[in-house]
Structures are given as structure tokens and as C-alpha cells.
Amino acid sequence: ELYLEMDNWVEAEKFFTQSVLISQQISSQPELADACYNLGLLHKKKGQKNKAREYLKTAEVIYLMTDTPLYQEIKKELLELNNPR
């Protein structure tokens, strides 16, 4: 997340992608949702709306199933992508 905040998109994507793979290997849904959420934010910053939407939707489904507080934040991000100002 620090790399994302620093706009170091290459390193951020590398580590978020590793997080997705590891989370899938160990069947950890909360960590998988977090990694997908962060990848969605990364692609949103890069202006890649379709990729951002794909990762955010994946995170949304997982968060909905696990009922975490980040669910509302993801809904907000998706609304912004779907309804640009």
C-alpha cells in the first residue's frame, strides 16, 4: 500500500499480485479481497477503468460474502468509476 501511495505503480502491482496468488493458495478470502481492492485502486489511478472495475467487483463480492466494513468503500469506488464527474 505504501508503494501505491508513493505512485510507484510497478512495485505496488508486483506485491499486490503476489498477495492475490498467496491468498488464493492459502484460501484466505479477507486477504484476497484486500489485494483485489488495492489492485482496483491502482488501476483506477492508472486510468485503466476496466481493470479497476474487474478487481473492485471481485473484492466487492468477497467483502459482501465476508461482510467486512470495506464493502461500502468499494461500492463508492465502483460508483465513481461508473459515474465520472
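Me: How many salt bridges does the count come to in this structure?

Reply: Side chains of opposite charge can pair when their charged atoms come close. With a salt bridge taken as a side-chain nitrogen of Lys or Arg within 4 Å of a carboxyl oxygen of Asp or Glu, the count comes to six. This is a predicted model, in which local features need pLDDT of at least 70 and side-chain atom pairs count only at pLDDT 80 or more, while totals for chains, interfaces and linings use all residues. Residues are numbered from 1 along each chain as its sequence is written, and side-chain values use heavy atoms, with hydrogens and water left out.

Me: Which parts of the chain does the salt bridge between Asp-7 and Lys-45 link?

Reply: The side chains of Asp-7 and Lys-45 meet at 3.0 Å, N to O. This pair links distant parts of the chain, with Asp-7 in the loop between α1 (2–5) and α2 and Lys-45 in helix α3, 38 residues apart; helices here are DSSP runs of H or I with at least four residues, and strands are runs of E with at least two, numbered from the N terminus. Asp-7, at 47% relative accessibility, counts as partly exposed, a class that lies between buried (under 20% relative accessible area) and exposed (over 50%), with a 1.4 Å probe and protein chains only.

Me: Which residues are linked with Lys-44 in a network of salt bridges?

Reply: The network joins Lys-44 with Glu-77 and Glu-80. Within it, the side chains of Glu-80 and Lys-44 meet at 2.6 Å, N to O, and that pair too links distant parts of the chain, since Glu-80 lies in helix α5 (residues 70–82) and Lys-44 in helix α3, 36 residues apart.

Me: At what angle do helix α3 and helix α4 pack?

Reply: Two packed helices are described by the angle between their axes and the distance between the axes. Axes are lines fitted to C-alpha atoms, for helices over the stretch in contact, and angles run from 0 to 180 degrees between N-to-C directions. Helix α3 (residues 29–45) and helix α4 (residues 49–66) pack at about 155°, with their axes 7 Å apart. That makes α3 roughly antiparallel to α4, on a scale where angles under 35 degrees count as roughly parallel, over 145 as roughly antiparallel, 65 to 115 as roughly perpendicular and the rest as oblique.

Me: How do the axes of α2 and α3 cross?

Reply: The axes of helix α2 (residues 9–25) and α3 come within 8 Å and cross at roughly 155°. α2 and α3 are therefore roughly antiparallel to each other.
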